[in-house]
Amino acid sequence: MTNFWGFVYGTLLSAMPVIIAGIGALISQKAGVLNVATEGLILAGAFAAAATGLATGSSLLALLAGAMAGLLVVQLHSIFSIRMRANIFIVGLGINLLMEGGIPLISRSLLGSSGVIRLDAGFSGSLLDTITALFLTLFFLAFSIFLLNHSRWGLEITAAGSQRE
C-alpha cells in the first residue's frame, strides 16, 4: 500500500506546474480569451526559477523569478495581441516556439547545458516544503473552482466570456 501512496504523491508533485497553469488557462477560457501560450509560460517560469535557484540557492527568489518571467511573457503576449491586434492564436503559438527554441539557447550559453539541469540536493527543499506546495496548489485549484462557480466575480468572468462568443 505504501507504493500506491508514493505513486499518488509523485504524480501530484509532477502535476503541480500543469495544475497551476491550468488554473490560469481555465480562468482565461471562462473570460472568453484563448490562451495558447500556456506551455510557453510554463517553460519561461520553470527556466527562470531553476536558473535563479541555481545562482542564489534561494527557493523564494526562484519562485519570484519564475513568476516574473511568466508575467513578462504575458505582457509580451498582450502587447502583440491587444495593442498590435495580431491574431491571438498565432501570437500564442509564436511564444511557445520562442520559448521552446530560446530557452535551450540561453541555457547553453549560461549553464553549459541545453537539456536537463541537475539541481543540488540542498536546493530540492525539504519534505515539509514539498507537501506545503502540494497542498497550496490543491487549495488554489479548489478555491479557483469555487470562485468561478459560486461568486459574483466568477459570474462576471463567465458572463464576459459568453458575451465574446
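This is a predicted model: local features need pLDDT of at least 70, side-chain atom pairs count only at pLDDT 80 or more; totals for chains, interfaces and linings use all residues.
The packing of two helices was examined first. Two packed helices are described by the angle between their axes and the distance between the axes. For α2 and helix α3 (residues 59-83), the angle is about 150 degrees and the axes lie 7 Å apart. The crossing of α2 with α3 is right-handed. On the α2 side, the contacts are made by L41, A44, G45, A48, A49, T52, G53 and T56. Their counterparts in α3 are L61, A62, A65, G66, A69, G70, V73 and V74.

Charged pairs were considered next. Side chains of opposite charge can pair when their charged atoms come close. One salt bridge is found in a search of the whole structure. This salt bridge links E156 with R152, with 2.9 Å between the closest N and O atoms. Both residues belong to helix α6 (residues 152-164), and because they are four residues apart there, about one helical turn separates them. E156 has a relative accessibility of 41% and therefore counts as partly exposed, whereas R152, at 66%, counts as exposed.

A nonpolar patch is also present on the surface, formed by L34, F89, I90, L93 and L97. Together, these residues have about 470 Å² of accessible area. Among them, L34 is located in the loop that lies between α1 (2-30) and α2 (38-56). The relative accessibility of L34 is 40%, so this residue counts as partly exposed.

Definitions and conventions:
Residues are numbered from 1 along each chain as its sequence is written. Side-chain values use heavy atoms; hydrogens and water are left out. Patches are made of residues with over 30% relative accessible area and no salt bridge: like charges are joined within 9 Å, nonpolar side chains (Val, Leu, Ile, Met, Phe, Trp, Tyr) within 5 Å. Accessible areas come from the Shrake-Rupley method with a 1.4 Å probe; for residues, only the protein chains shown count as cover. A salt bridge is a side-chain nitrogen of Lys or Arg within 4 Å of a carboxyl oxygen of Asp or Glu. Helices (H or I, at least four residues) and strands (E, at least two) are DSSP runs, numbered from the N terminus. Buried means under 20% relative accessible area, exposed over 50%, partly exposed in between (1.4 Å probe, protein chains only). Axes are lines fitted to C-alpha atoms, for helices over the stretch in contact, and angles run from 0 to 180 degrees between N-to-C directions. A crossing is left-handed if the near helix is turned anticlockwise from the far one by less than a right angle, and right-handed if clockwise. Contact means heavy atoms within 4.5 Å.
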